[in-house]
Amino acid sequence: RADIKTEYKQLRVWNLKLSDAGIYTCKYGSREVRTSLHIFNLTISLDGHFLQNEAPQLILMQNSSSPLPDLSITLFNSNNHRVTPAIQSETRQKYAVNLKKLKAMDSGTWVCQVRSDSPLINQNISFAMKVLGFQNPDLETKYATVDSTVILSWHLNSQKIKWKEGFTGQLNWKQQEGADAHELLDFNVTAQGQLHETKKSSNFLFEIPERKPESNIEVKLPKVHFNHSGQYQCQLEYQGRHAQSTIELVVMKVSANPEGPLSRGANMTLTCQVSGRLPPNAYLRWERVNGTNTDVKNSRQREAKLEVNISAAGLWSCHLIEDNDRKISLPYPVEEAPVWINYVIIGASVGGSLLLFALLCLCIISGIRWQRRMQRTKRMAQARQYLLENKTCHCQQ
């Protein structure tokens, strides 16, 4: 592991080990020069290959011929930002640094800066940190309306960091916490670093887009149903370790009771509903386009259903608002019934009232006739009784 270049009076040593530390003496005739070699060894857990949300450990070892100095260690990530360790322990020979959980954006070249005042040391040690994961937020919310088309996408950074080691994954969907999970597709990376996907579910209407960016996992719902809402979780597996990213799909639908045109003077109930609970600072709003302030109604925060009673036709729209930002809107046109329908309804109402009045009069007349008949029957019975009593008295005389 060493050779000598006599013309330059150089000793070259490669693949240094901690045991190579010490004092090296160069003798040239009567001259003698000594050089002290101080060696650092930096090791990274898992060979520097991590999944997102994993916490690496760095161990720095030192060795020299003189008493070991006290070192000051500072870490800088790939964006040249100083990193504060979660735990740090040290002895004169070994320094252990436990970092916080990594994100996909932490991939890149890091620097471990080693300093000492006595002896004077200012050494930068560069090392590669590869973090395989999703560039999505840990929990992302996607909004869609019934019968619309939505694409759920997870952005992997495997191409960005040139991750060619084999990993696999799968995409699962469940409608709510605690429900059974349905596996929609699984995927793996080829030797060339390309993703290969296989559709698993046969009873769920979704597609896998053919054209998409590299290292993207996507599913397409060409016609969203209200019961397609829920949690879609993409999970990675690498050497028995796992990482996942979840997209919460929130679906909105609107309905009217009664359906159909709105007659003059009549009322209609519009219902706007979203699947699941809304995030904080989110609420629903009904409003009539080009209407007045009286045509606006808001729900309470996190309320997933809002009803409004209307008497004016026009284009009504339901909005989902979060932090004063409209996330999604769904219009509902309310048509006004034609005039002839109003006349028909009025005529039917009047006719129904007259019919009801006629039936009421008929019932009254029938009741009076029945009462008179009962009274006549009662008088006839009294008369017969009277005649019978008079005849009996006459016979006794």
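Reader: Hi! How many bridges join β12 to β13, and do they run parallel or antiparallel?

Author: Hi there! In this predicted model, nine bridges join β12 to β13, and the two strands run antiparallel. One place to look is Ser 116, which stands opposite Ile 121 in β13.

Reader: Thanks! What do β12 and β13 form, and how many residues are between them?

Author: They form a hairpin, with four residues between the two strands. The loop between β12 and β13 (121-132) also holds Pro 119. The peptide bond leading from Ser 118 into Pro 119 is cis, with omega near -5°.

Reader: Where is Pro 258, and is its bond from Asn 257 cis or trans?

Author: Pro 258 is in the loop between β21 (241-257) and β22 (268-274). The bond from Asn 257 to Pro 258 is cis, and its omega is near 0°.

Reader: Back to strands. In what order do the five strands of the open sheet come?

Author: The order is β6-β13-β12-β8-β9, and the pairing is mixed.

Reader: Which strands stand at the edges?

Author: Those are β6 (49-51) and β9 (82-83). Each has a single partner strand, so one side of each is left without a neighbour in the sheet.

Reader: And how does β6 run against β13, parallel or antiparallel?

Author: Parallel, with three bridges joining β6 to β13. To find the spot by eye, look for Leu 51, which stands opposite Leu 132 in β13.

Reader: What about β8 and β12, in what sense do they pair?

Author: Strand β8 (residues 72-76) and strand β12 (residues 108-116) pair in the antiparallel sense, over five bridges. There, Ile 73 faces Val 114 of β12 as its opposite residue.

Reader: Now β7, please! How many of its residues are buried?

Author: Strand β7 (residues 57-63) is mostly covered, with five of its seven residues buried. Strand β5 (residues 39-44) is joined to β7 by six bridges, and the two run antiparallel. Asn 41 has Met 61 in β7 as its bridge partner.

Reader: How many bridges join β7 to β11?

Author: Five bridges join β7 to strand β11 (residues 94-98), again in an antiparallel run. Gln 57 has its bridge partner in β11, namely Asn 98.

Reader: Changing topic: how many aromatic pairs does the structure hold?

Author: The structure holds three aromatic pairs. Among them, Trp 163 and Tyr 238 have ring centres 5.1 Å apart and planes at 75°, so this pair is edge-to-face. The pair links distant parts of the chain, 75 residues apart: Trp 163 is in the loop between β15 (150-155) and β16 (168-174), while Tyr 238 is in strand β20 (residues 230-238).

Reader: Are Trp 163 and Tyr 238 buried or exposed?

Author: Both are buried. Another of the pairs is Trp 173 with Tyr 232: the ring centres are 5.8 Å apart and the planes are at 25°, so this pair is stacked. Trp 173 lies in strand β16 and Tyr 232 in strand β20, so the pair ties together parts that are 59 residues apart in sequence. Trp 173 and Tyr 232 are both buried too.

Reader: What sits over the ring of Phe 206?

Author: The charged end of Lys 199 does, 4.6 Å from the ring centre. Elsewhere, Lys 9 lies over the face of Tyr 28, with 4.6 Å to the centre of that ring.

Reader: Which residues form the nonpolar patch on the surface?

Author: Ile 4, Leu 11 and Tyr 24 do, with about 300 Å² of accessible area together. Tyr 24 belongs to strand β3 (residues 22-28). Its relative accessibility is 31%, so Tyr 24 counts as partly exposed.

Reader: Last one: what is the phi of Asn 80?

Author: Asn 80 has a positive phi of about 65°, although it is not a glycine. Asn 80 sits in the loop between β8 and β9 and is exposed, with a relative accessible area of 59%. Ser 215 also has a positive phi, of about 60°, and is not a glycine.

Reader: Is Ser 215 buried or exposed?

Author: Buried, at 5% relative accessibility. Ser 215 lies in the loop between β18 (195-199) and β19 (216-221).

Notes. Residues are numbered from 1 along each chain as its sequence is written. This is a predicted model: local features need pLDDT of at least 70, side-chain atom pairs count only at pLDDT 80 or more; totals for chains, interfaces and linings use all residues. Side-chain values use heavy atoms; hydrogens and water are left out. Rings of Phe, Tyr and Trp (its six-membered ring) pair if their centres lie within 6.5 Å; planes under 30 degrees apart count as stacked, over 60 as edge-to-face and the rest as tilted. Buried means under 20% relative accessible area, exposed over 50%, partly exposed in between (1.4 Å probe, protein chains only). A charge sits over a ring if NZ of Lys or CZ of Arg is within 6 Å of the ring centre and within 35 degrees of the ring normal. Patches are made of residues with over 30% relative accessible area and no salt bridge: like charges are joined within 9 Å, nonpolar side chains (Val, Leu, Ile, Met, Phe, Trp, Tyr) within 5 Å. Accessible areas come from the Shrake-Rupley method with a 1.4 Å probe; for residues, only the protein chains shown count as cover. A salt bridge is a side-chain nitrogen of Lys or Arg within 4 Å of a carboxyl oxygen of Asp or Glu. Two strands pair if DSSP finds at least two bridges between them.
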